[in-house]
Amino acid sequence: MSHFRPMSCNRSRRQLIVLLFMAVVTFSSATLTNAAEEKTKRRRKSRKAAAAEQAAGPRNYRSKNFIMHTDLPKKEAQDLLKRMETMLRLISRYWGAPCRKTIECYVVKDLQKWPPGSLHPRGVQSIAAGGGVTLSQSQALLSNQQIIDADAVVYAVAKRGVPLHEAVHAYCALTFGRTGPTWYSEGMAEMGNYWRQNDSSVKLEPIVLQYLQNSETKKLEEIVYGAQISGDSWREYAWRWALCHLLANNPNYAKRFRPLGLALLNKQNVDFKQVYGAMFQEIVFEYEFFIQHLDQGLRSDLISFDWKRKFRKSRGNSRVRVKISAGRGWQPSGLMVDAEIEYQFSVEGHWKLAKKGPELDADGTVILPPPTPDGNDKVIVSAKPAPEKSADANDGNEAPAAGQLLGIVLVYDEDTGYRLSKPFNLGRYGTFTAPATGNLYLRCHDKWNEIADNSGTVSASIKEQGMGAPLKEPNAEVLRTNKVRSTNK
Ligand SMILES: [Zn+2]
């Protein structure tokens with residue numbers, strides 16, 4: 001490159017350096033803004049002391065990685081700083097790089113409290129619209145785009161996760177000199193808003209969850225390759241969050257997602273399809289599955305599909321045997337089934353749908369009630385827990401009992417990709433007719449967002465009906481409560 005000259009001892013000649021300017025804007029939404037403002041008004045009335053403190057105008061607060069200028073009351077400002085530090089620690093660990101500079105933040109509750117000229121006009125513009133913006137600049141070597149210095153300043157309204165969202169942008173700008181393409185940058189910033197230690201379950205703002213649950217699912221290609229601008233709308237942000245959350249937490253894709261992100265942040269020549277090309281159809285399928293079952297508490301790691309498992313056809317008398325966990329989503333049986341063919345199943349073992357819940361067999365029948373505090377034995381009753389409504393409630397089929405073993409067939413077509421049949425009820429012992437030709441998957445019936453506390457596994461044997469000797473009915477499960485009697489009775 002003609003600009004390039006070897007570094008001489010004259011360090012002041014900075015011809016190698018180009019100045020980049022970035023602005024990453026956060027959405028604003030009328031609905032969210034109004035709701036939050038209502039709340040703010042109510043709070044304001046109830047806390048005169050805080051209001052008096054506010055009248056004094058913006059103050060400065062410092063923590064390890066932030067300097068924050070804000071008109072928030074002291075307690076709220078300190079709480080926010082604490083949350084921002086926690087989030088920063090988590091994202092620094094995720095990206096494997098410490099934040100290399102203090103992040104300066106202007107967090108505004110009431111613009112009227114700020115003297116004219118105290119905020120950057122771009123910041124005022126975003127804050128007035130109920131959002132935020134991160135203004136950053138970085139100096140990079142023209143030769144190889146390597147970032148040698150950067151600055152970032154956050155302007156954010158003191159609402160919801162806006163300061164946290166913007167702080168993710170600021171961290172990326174300071175650490176990598178850039179924030180990546182919009183889908184990644186905004187998706188990860190939204191994740192930062194929800195990031196919690198040792199907890200990868202879905203916890204969304206109710207309005208965002210409702211929107212994702214009730215809208216037509218946005219195509220994955222559209223999220224990654226569609227037209228996009230930062231600050232377009234909170235709805236667009238929701239889809240980017242969904243994709244980033246899935247890729248960061250589903251074990252099938254998480255390992256490649258971090259290096260993909262780092263490459264995007266380091267502006268290497270990478271592309272989504274280049275990284276995930278061979279598993280693109282699986283990602284599309286799991287992304288749509290994730291959206292379909294999206295709810296507070298959903299765990300994308302537990303509902304992930306095992307794509308490595310080999311499947312085979314049932315031949316003659318041979319059967320497949322497989323262990324199915326209560327604490328996971330659809331699990332491969334190893335059996336390829338043919339539409340309209342009848343199969344027989346026999347299932348041993350028991351599982352639980354809650355830590356202190358009863359032991360259930362694969363029919364969902366209680367075989368051991370939960371222990372009682374007085375330690376008395378209970379009469380073992382054979383009662384099905386009330387069936388619950390779920391996305392699996394299948395037409396023409398009786399609603400499954402909680403804890404009942406269910407089946408589903410995963411069908412693959414080269415042109416259209418993967419799709420699932422309607423789920424159908426299995427249980428402890430019986431037969432079923434396959435609704436489609438494909439791979440049989442099994443799971444324990446429970447609400448999708450409540451499987452994390454399930455425990456236990458059952459062992460299922462499955463074979464074609466009428467071929468060779470039939471499967472034996474499993475022995476009745478015999479379980480007893482341990483007699484733990486209190487001594488001071
Ligand atoms: Zn953003």
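In this predicted model, helix 7, which spans residues 206–214, has V208, L209, Y211 and L212 as its buried residues. Because these four cover an arc of only 160° around the axis, they lie on the same side of helix 7.

- On the face of helix 7 that is turned away from the buried side, the exposed residues are P206 and N214.

**The zinc site**

- The zinc ion has as its protein donors H165 and H169, each through NE2, together with E186 through OE, and these lie 2.0 Å from the ion.
- Since H169 belongs to helix 5 (residues 162–176) whereas E186 belongs to helix 6 (residues 182–194), the pair ties together parts that are 17 residues apart in sequence.
- Both H169 and E186 are buried.

**Nonpolar cores**

- The largest nonpolar core comprises 101 residues, and those with the most contacts inside it are W95, W183 and F257.
- Apart from this core lies another one, of 29 residues, which includes Y343, F345, W351 and V366.
- When residues up to four places away in sequence are not counted, W183 touches I223, V224, Q228, R240, L243, C244, F257, L260, L264 and F272.

- Q274, which is placed in helix 11 (residues 272–276), is exposed, with a relative accessible area of 54%.
- Between Q274 and L260 the separation is 14 residues in sequence and 9.8 Å in space, taken from C-alpha to C-alpha; L260 is also among the residues that W183 touches.
- N250, by contrast, sits in the loop between helix 9 and helix 10 (254–265), and it counts as buried because its relative accessibility is 0%, where the limit for buried is under 20%.

- Four strands form an open sheet in the order 8-18-10-16, and their pairing is antiparallel.
- Strand 8 (320–325) and strand 16 (429–433) stand at the edges with a single partner strand each, so that one side of each has no neighbour in the sheet.
- Averaged over the sheet and with direction ignored, neighbouring strands are turned by 30° against each other.
- The antiparallel pairing of strand 10 (residues 342–349) with strand 16 runs over five bridges, and S346 stands opposite Y429, a residue of strand 16.

**The hairpin of strands 2 and 3**

- Strand 2 (residues 59–62) is paired with strand 3 (residues 66–70) in the antiparallel sense, over four bridges.
- The two strands are joined by a hairpin that passes through three residues.
- Within this pairing, N60 has H69 in strand 3 as its bridge partner.

Notes
Residues are numbered from 1 along each chain as its sequence is written. This is a predicted model: local features need pLDDT of at least 70, side-chain atom pairs count only at pLDDT 80 or more; totals for chains, interfaces and linings use all residues. Side-chain values use heavy atoms; hydrogens and water are left out. A nonpolar core is a set of buried Ala, Val, Leu, Ile, Met, Phe, Trp, Tyr and Cys residues joined through side-chain atoms within 4.5 Å. Buried means under 20% relative accessible area, exposed over 50%, partly exposed in between (1.4 Å probe, protein chains only). Contact means heavy atoms within 4.5 Å. Donors are N, O and S atoms within 2.8 Å of the metal (3.2 Å for Na, K and Ca); water is not among the atoms, so sites may look incomplete. The arc is that of the directions from the helix axis to the C-beta atoms. Two strands pair if DSSP finds at least two bridges between them. Axes are lines fitted to C-alpha atoms, for helices over the stretch in contact, and angles run from 0 to 180 degrees between N-to-C directions.
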